Structures are given as C-alpha cells and as structure tokens.
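Work through the exercises below with the sequence and the 3D view open. Try each task before reading its solution.

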Amino acid sequence: MTAEEVTPRPSPESGSDDDQVRGYFPEHYVVSPAGPDGRHNLFDPYTRRRWMLGAAELAAARQFTAGQTYASLARALNQRGARSVSVGRLRAFEAKLLAVCLLRQVDILPPGSRKRVGARLAGLRWLGGFGLVAFHPGRAVDAVYGRTPWLTSWRGTLGLAAFAVAVVVMLGSRAGTLAHQVPSAIAGWGLPGLYLLTAVSAIFHEGGHALACRRYGVAVEEIGLGVRALILFAWTDPDRDGWARLSTRARLATVAAGPFGSVLYGTLGGVLWLSTPAGGVPSRIAVLWILAGTVAVLPTLLPIFQGDTYLILTDMLGWPNLRPRALAELRHTLRRTPRTRRPAGRTRAGYLCFAVVVVVGHLAVTGFVLWLIWFCDLARPGG
C-alpha cells in the first residue's frame with residue numbers, strides 16, 4: 001500500500017465459511033507491470049486513486065468477485081499457490097482492502113429492493129464525474145522548467161505576485177464597470193466561451209502544481225481534465241512516493257501553486273480588459289478570461305470537490321480517502337446494507353456529515369450552472 005493509505009490491520013471477521021465475500025476487485029483498474037521492488041501500481045481512472053500491491057497480494061485481490069463465498073475463494077487460492085490460506089486470513093485481507101477502498105463493497109440488498117434503491121441512488125454515481133483527456137507531462141514540465149527556472153524561485157514568485165496585485169488594484173478601481181459587462185459577456189456564445197477559457201486556465205493551474213513538483217524533485221505522472229456536476233475540473237497526479245517524502249511546507253507550497261497560477265491567468269485577462277475599449281469582442285473575451293481565472297477556480301477551493309482544499313484536508317490532516325469512504329457510508333446507510341463491520345460512532349457521524357455536504361454542495365453547484373445557462377438564454381438579444 002502507499003504511505004497515504006496505511007491503516008491498522010483489522011482483526012479477522014467472524015462468520016460462516018459459506019458467507020459471501022463483502023468486496024470485489026473492479027475490472028476497470030489499470031495495473032502497471034511490476035517495478036524493481038516487485039510491486040505493482042494500481043490506478044482507478046474514475047476516482048483518480050492509486051495503490052501499490054505485491055505480486056501475491058495482487059493475485060489474491062483479483063480473485064475477489066461478487067457472489068462467491070469465503071470457502072470457495074480459499075479453495076481457489078489454495079489450488080493456485082503453495083501456501084495454505086485460511087478463511088480467517090482472507091477475511092482480514094478483505095477488510096484491509098475495503099478499508100483503503102481498493103475493493104468495492106458488494107451490495108447485499110433484500111429481494112426486490114435493488115431496482116428501487118438503485119433509482120434512488122443513481123445520482124450518487126454522477127458525483128464522481130468523468131475524465132475528458134489526460135496525458136503524461138514529464139517532457140513538457142522539464143522543458144518549461146529548464147527555460148524559465150525563475151518561475152519557481154522566491155524572487156520570481158514575489159515578482160509575479162506584485163504584478164497580480166497591481167492588476168487587481170486597477171481592476172478594483174473599475175469594478176462597477178466590469179460587473180456591468182458580465183451579463184452581456186456570458187450571453188449567447190459567452191457561456192461556451194467561458195467553458196473554453198476555463199479549460200485553458202487548467203494549463204496555468206495544473207502547470208503551477210506540476211512546476212512546483214518539479215522544483216521539489218517530485219515526478220508528475222499525469223495531468224488531466226474532466227467534468228463533474230457540469231463543472232470543468234483538472235488534476236495533477238504526482239509520484240506518491242516522492243510526494244510522501246516532501247515536508248509540510250513543500251506540500252503547502254505545491255498545493256498553493258495551482259490557485260496562484262489561476263490568479264495569474266485571470267490577471268492576463270485583466271490586462272487585456274484594461275487595454276481594450278469597452279463593447280468590442282476583445283473586451284468581451286477579456287471579461288470571460290477574468291471570470292475563468294478567478295470565479296472558475298473557486299470549485300477547487302471547495303472541499304466538496306477533490307481539489308486543493310480537499311487535498312489539504314485529506315493529506316495534511318491525515319484523513320485519507322475521505323470522500324469515497326463518506327459516500328460509501330451514506331450509501332450503506334440509505335440502503336440499510338447488513339454489515340459485520342462499521343466505523344466507530346464518531347467516525348461514522350463524520351463520514352455521514354461530510355457525505356451530506358458533498359451531495360448538497362454538488363446539487364447547489366449544478367443548480368447554479370443550470371440557472372446560469374437559463375440566465376444567459378434570457379440575456380440573449382430578443383430572449
């Protein structure tokens with residue numbers, strides 16, 4: 001397991017050998033070849049999470065499928081290997097993988113209730129979002145860092161911050177005029193344009209994270225762009241081992257580099273707005289550019305999304321996999337799924353509270369986006 005997902009080893013569960021297993025190994029995981037240490041990296045492209053397992057552990061985890069019993073699983077594993085595997089060890093291993101969300105929980109529902117509950121919880125799957133594009137940025141990051149090393153120096157950062165503050169002050173002096181132009185800017189083709197400029201802003205935001213990682217010697221494995229709750233989002237996946245070795249100060253600086261990049265992107269739009277006459281196409285693009293670099297960065301600061309604030313909560317405060325565990329606990333509670341193990345009282349209450357905040361927050365954000373689309377339609381000439 002990776003360092004961020006180390007949990008106390010659970011004790012073996014009690015129960016019959018003919019009980020069905022509680023977890024299954026999803027087929028969509030991407031499994032890398034074994035590294036020099038003999039371990040495999042596992043990647044979930046839907047949740048963006050990673051794990052690390054040895055060859056024997058991976059082979060055992062892959063045998064967990066829905067519908068089989070612990071006894072049948074033990075027989076299958078004993079036929080494949082030389083070591084004897086007991087049902088008690090299987091239960092402990094399963095509990096360990098369920099605790100780090102590597103195995104998915106098998107739904108155990110009363111007969112006839114799957115369709116009803118499935119319809120009620122179908123919306124929870126939408127909370128996960130989906131990816132649009134992803135790539136390995138290693139060469140690009142090295143090229144940018146090699147040509148502009150001053151971007152990650154303290155002097156360079158202070159200089160860029162001073163530039164951003166100066167532009168913000170000038171925009172503040174004309175805030176009323178800027179606010180008055182926002183409705184007309186997002187009307188008609190403005191909303192698709194805002195989405196496009198927001199996608200471009202991801203280069204600055206995730207580029208800030210990636211350059212900071214490069215500055216501290218951490219490789220970046222992937223940068224991607226996706227959609228969640230009708231909101232564009234992006235991600236940067238650093239090497240987990242390298243990230244775990246960083247100091248708290250370096251991690252905070254790396255996390256802060258993303259929003260800082262977005263603010264710089266917005267200030268470039270501010271420069272364009274300040275230097276062009278009002279009412280023209282460049283001025284309208286500049287307004288959308290400012291929104292893309294400032295307002296559009298707000299979701300990553302909300303803990304309901306798996307953005308920068310969420311990373312600080314889970315990584316800095318020692319709450320790994322908070323979001324999936326919280327949503328899983330909410331599903332179990334609504335479905336009233338029988339379980340032999342459940343989180344302690346306070347932990348379960350914390351999971352449920354966070355899950356409710358996530359669901360309500362996503363509904364609020366989606367409602368706002370739908371309202372914005374309706375507002376833009378009304379603001380269109382002749383609407």
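The exercises that follow concern a predicted model.

**Exercise 1. The whole chain**

Task: State how many helices and strands the chain has, and what share of its residues is buried.

Solution. 
- Start with secondary structure. The chain holds 15 helices and eight strands.
- Turn to burial. The chain has 383 residues, and 43% of them count as buried.
- Look at the contacts. Take those between residues at least 6 apart in sequence: 71% of them join residues at least 24 apart.

**Exercise 2. Helix α3 and its partners**

Task: Find how the axis of helix α3 is placed relative to α2, and which residues make the contact.

Solution. 
- Locate the helices. α2 spans residues 70-80 and α3 spans residues 87-99.
- Take the axes. They come within 9 Å and cross at roughly 100°.
- Classify the angle. Angles of 65 to 115 degrees count as roughly perpendicular, so α2 and α3 are roughly perpendicular to each other.
- List the contact. From α2 come Tyr70, Ala71, Leu73, Ala74 and Leu77; from α3 come Val87, Leu90, Arg91 and Glu94.

Solution. 
- On the α1 side, the meeting residues are Glu57, Ala60 and Ala61. On the α3 side, they are Phe93, Lys96 and Leu97.

**Exercise 3. Salt bridges**

Task: State how many salt bridges the structure holds, then examine the one between Lys96 and Glu57.

Solution. 
- The structure holds four salt bridges.
- Side chains of opposite charge can pair when their charged atoms come close.
- Check the distance. The closest N and O atoms of Lys96 and Glu57 are 3.6 Å apart.
- Lys96 sits in helix α3 and Glu57 in helix α1, 39 residues apart, so the pair links distant parts of the chain.
- Lys96 has a relative accessible area of 17% and is buried. Glu57 is partly exposed, at 28%.

Task: Describe the salt bridge of Arg214 with Asp142.

Solution. 
- The closest N and O atoms are 2.9 Å apart.
- Arg214 belongs to helix α8, and Asp142 to helix α5 (residues 138-147). They are 72 residues apart, and the pair links distant parts of the chain.
- Arg214 is partly exposed, with a relative accessible area of 32%. Asp142 is partly exposed as well, at 42%.

Task: Which helices does the salt bridge of Glu329 and Arg348 tie together?

Solution. 
- The side chains meet at 2.9 Å, N to O.
- Glu329 lies in helix α14 (residues 322-335) and Arg348 in helix α15 (residues 345-379), so the bridge ties together parts 19 residues apart in sequence.
- Glu329 is buried, with a relative accessible area of 3%. Arg348 is partly exposed, at 21%.

**Exercise 4. A nonpolar patch**

Task: Which residues make the nonpolar surface patch of about 580 Å²?

Solution. 
- The members are Phe163, Leu196, Val200, Ile203, Phe204, Leu268 and Val271.
- Two elements give two or more residues each: α8 (190-215) and α10 (248-274).
- The largest share, four residues, comes from α8.
- Check one member. Val271 is in helix α10 and is partly exposed, with a relative accessible area of 35%.

Methods. Residues numbered from 1 in each chain as written. Predicted model: local features only at pLDDT ≥ 70, side-chain atom pairs only at ≥ 80, totals over all residues. Heavy atoms only, no water. Buried < 20%, exposed > 50% of the residue type's maximum accessible area, 1.4 Å probe, protein only. Contact = heavy atoms within 4.5 Å. Patch = residues over 30% accessible without salt bridge, like charges linked within 9 Å, V, L, I, M, F, W, Y side chains within 5 Å. Areas by Shrake-Rupley, 256 points an atom, 1.4 Å probe, with all protein chains shown as cover. Axes fitted to C-alpha atoms, helices over the stretch in contact; angles between N-to-C directions. Parallel < 35°, antiparallel > 145°, perpendicular 65-115°, else oblique.
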